[in-house]
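This report covers pockets, nonpolar cores and salt bridges. The structure comes first, then the description.

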Amino acid sequence: MAEVPAGAMPRKGRGKAILTGTAFVIALAILLSLGTWQVQRLYWKEQLLADMAARRIAAPAPLADIEAMATRGEDIEYRPVTVSGTFANNRERHFFATWHGRTGYHVYTPLQLADGRFLFVNRGFVPFEAKEPEMRKQGQLTGGQTVVGLARARLAEKPSSIVPDNDLSKNIFYWKDLDAMASSTGIPADRLVPFFVDAGDASNPKGLPIGAVTQFDLPNNHLQYAVTWYGLAAALVGVGLFAVLRRKAA
């Protein structure tokens, strides 16, 4: 049998220890970075929720003010707004939704403004069986109307690949594609206000649509995630210390 050169095993052991130590440091750095990132996200989400709460109780601004903010690239989401016009009820679009456990639709109706432009207003929820306007004729408001609600930004793209494509032929939208809503009703892009408005809780005849359906329950689990990542980092340090002490005792 060939004789093992002196010092070969120690060098091999040192190499393994270096690789193990490097992997340990990299893993620890990743876990700490993920924990810190979640803490930063926590502060961001808490500020966002605070901003939302403050906006909801602010006095409604004229539509022109919200448009000016949007033009400047400012965040218009959930800002109270008031706007007047006439509903184009024959052009309403239906967004699949649930409300208090019931399946149905949010009714998005273009509001024609005095200057001839159109603003899509989410008038609220109707149950599945009341999708067609003929089933809720009294709720089809005519003549001049004033809507007080919340500005909602448009979506740049479908939020997820698991969200179904919008079915324009059946007038069922699974994501709020403003351009598709407008084009499917014959509203040209140059006559479209580039955001939505969610109507407030003003009552409608026979109670339909049900207004004030805006959702505010943004998930905020970042503290839990941060504790998880930092906990894993602490566990890794514990395992590393145990391995070092065991090796020294051997």
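The sections below take up the model, its pockets, its cores and its charged pairs.

## Basis of the description

The model is predicted, so local features need pLDDT of at least 70 and side-chain atom pairs count only at pLDDT 80 or more, while totals for chains, interfaces and linings use all residues. Residues are numbered from 1 along each chain as its sequence is written, and side-chain values use heavy atoms, with hydrogens and water left out.

The largest pocket has a volume of about 490 Å³. Its lining has 24 residues, and Val 148, Gly 149, Ala 199, Gly 200 and Asp 201 are the closest to its centre. A pocket here is an open set of points on a 1 Å grid over the protein atoms alone, where a 1.4 Å probe fits, with protein on both sides within 12 Å along at least five of seven lines; lining residues have an atom within 4 Å of a point. Volume is the space filled by probe spheres set on the points, which are joined across faces, edges and corners. At least two lining residues come from each of β2 (80-87), β6 (144-153) and β7 (195-199), with β6 giving the largest share, 6 residues. Strands are DSSP runs of E with at least two residues, helices are runs of H or I with at least four, and both are numbered from the N terminus. The lining divides into 13 nonpolar, 7 polar and 4 charged residues. In this scheme Ala, Val, Leu, Ile, Met, Phe, Trp, Tyr, Cys and Pro are nonpolar, Asp, Glu, Lys and Arg are charged, and the others, Gly among them, are polar.

The second largest pocket has a volume of about 350 Å³. Of its 12 lining residues, Thr 20, Gly 21, Gly 240, Ala 243 and Val 244 are the closest to the centre. Helices α1 (8-56) and α4 (222-249) are the elements that give two or more residues to this lining.

## Nonpolar cores

The largest nonpolar core has 19 residues, of which Ile 66, Leu 119, Val 147 and Phe 195 touch the most other members. Such a core is a set of buried Ala, Val, Leu, Ile, Met, Phe, Trp, Tyr and Cys residues joined through side-chain atoms within 4.5 Å. Two or more of its residues come from each of α2 (63-71), β2, β5 (118-127), β6 and β7. A second, separate core has 14 residues, including Ala 97, Leu 178, Ala 180 and Leu 192.

Beyond its neighbours within four places in sequence, Val 147 is in contact (heavy atoms within 4.5 Å) with residues including Val 81, Val 83, Leu 111, Val 121 and Val 197.

## Salt bridges

The structure holds 11 salt bridges, each a side-chain nitrogen of Lys or Arg within 4 Å of a carboxyl oxygen of Asp or Glu. One joins Glu 77 and Arg 152, at 3.0 Å from N to O. Glu 77 is in the loop between α2 and β2 and Arg 152 in strand β6, 75 residues apart. Glu 77 is buried, at 16% relative accessible area, and Arg 152 is buried at 12%. Buried means under 20%, exposed over 50% and partly exposed in between, with a 1.4 Å probe and protein chains only.

Arg 102 pairs with Glu 129, with closest N and O atoms 3.1 Å apart. Because Arg 102 lies in strand β4 (residues 102-112) and Glu 129 in the loop between β5 and β6, this pair ties together parts 27 residues apart in sequence.
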